[in-house]
Amino acid sequence: MKYLKNRTVQRLVLVAVVAAAAALGYDWTAAGILIVGAILDSQNLYSDAQALTATAVSTNVIDHGATERRLGSGEPMGVLITVDVALAGTTPTFQVTLQSDSADTFPSPATVAQTETFSTLAAGAQIVLPVPPRKATERFTRLNYTLGGTTPTITVTAALMPLSMIPTDAIYPDGFAIT
């Protein structure tokens with residue numbers, strides 16, 4: 001089976017994999033990170049709990065291995081950005097841009113996709129940035145995080161993954177009763 005489209009089956013498989021791995025004492029940091037119902041491949045990770053205090057680029061660059069790639073063709077792809085520490089500061093703003101370039105130093109980055117500008121983001125919030133289908137990207141991709149306001153701060157984890165694997169469940173903070 002190439003991939004699972006049924007969300008219930010995805011969750012059952014995920015629970016079985018996590019239970020088996022835990023029983024075997026598997027170290028999740030060796031191959032990926034478990035995040036809110038999704039397993040992130042470390043090779044497709046742009047940022048891993050990256051603390052931002054000003055406009056910056058992602059810690060990691062993804063090499064797609066070809067001079068030109070169409071990331072959104074076939075299986076639709078997206079970037080999942082999870083807020084680890086809430087956006088803070090005086091009138092803070094936050095925006096994410098997916099960039100590509102032919103060199104890993106990004107001398108002339110091209111914009112592939114961009115989120116809206118956010119002024120509030122709580123810890124646990126997720127932003128999904130879909131990769132436009134059939135849009136050509138160059139060999140390397142990275143994220144550019146644009147922060148505005150006075151002394152803005154935020155910590156994020158971001159990864160490239162199939163849109164079908166991005167969790168759409170509602171996430172609530174601990175200590176709240178849902179009735």
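View 1. T155 sits in strand 9, where a strand is a DSSP run of E of at least two residues, numbered from the N terminus. This is a predicted model, so to speak: local features need pLDDT of at least 70, side-chain atom pairs count only at pLDDT 80 or more, and totals for chains, interfaces and linings use all residues. Residues are numbered from 1 along each chain as its sequence is written, and side-chain values use heavy atoms, with hydrogens and water left out. T155 counts as buried because its relative accessibility is 13%; buried means under 20% relative accessible area (1.4 Å probe, protein chains only). Skip the residues up to four places away in sequence, and T155 touches A49, Q50, A51, T82, V83, D84 and V85, contact meaning heavy atoms within 4.5 Å.

**View 2. The aromatic pair, F94 and Y145.** Rings of Phe, Tyr and Trp (its six-membered ring) pair if their centres lie within 6.5 Å, and that rule gives 1 aromatic pair here. F94 and Y145 are stacked, at 6.0 Å centre to centre with 15 degrees between the planes; stacked is for planes under 30 degrees apart. The pair ties together distant parts of the chain, with F94 in strand 6 (residues 77-101) and Y145 in strand 9 (residues 137-162), 51 residues apart. F94 is buried, at 0% relative accessibility, and Y145 is buried at 0% too.

**View 3. T115 in its loop.** Look for T115 in the loop between strand 7 (110-114) and strand 8 (126-130). T115 counts as buried because its relative accessibility is 9%. Beyond neighbours within four places in sequence, T115 is in contact with Q95, V96, I127 and L129. The C-alpha atoms of T115 and V128 are 8.2 Å apart, with the two residues 13 apart along the chain.

Methods: Helices (H or I, at least four residues) and strands (E, at least two) are DSSP runs, numbered from the N terminus. Buried means under 20% relative accessible area, exposed over 50%, partly exposed in between (1.4 Å probe, protein chains only). Rings of Phe, Tyr and Trp (its six-membered ring) pair if their centres lie within 6.5 Å; planes under 30 degrees apart count as stacked, over 60 as edge-to-face and the rest as tilted.
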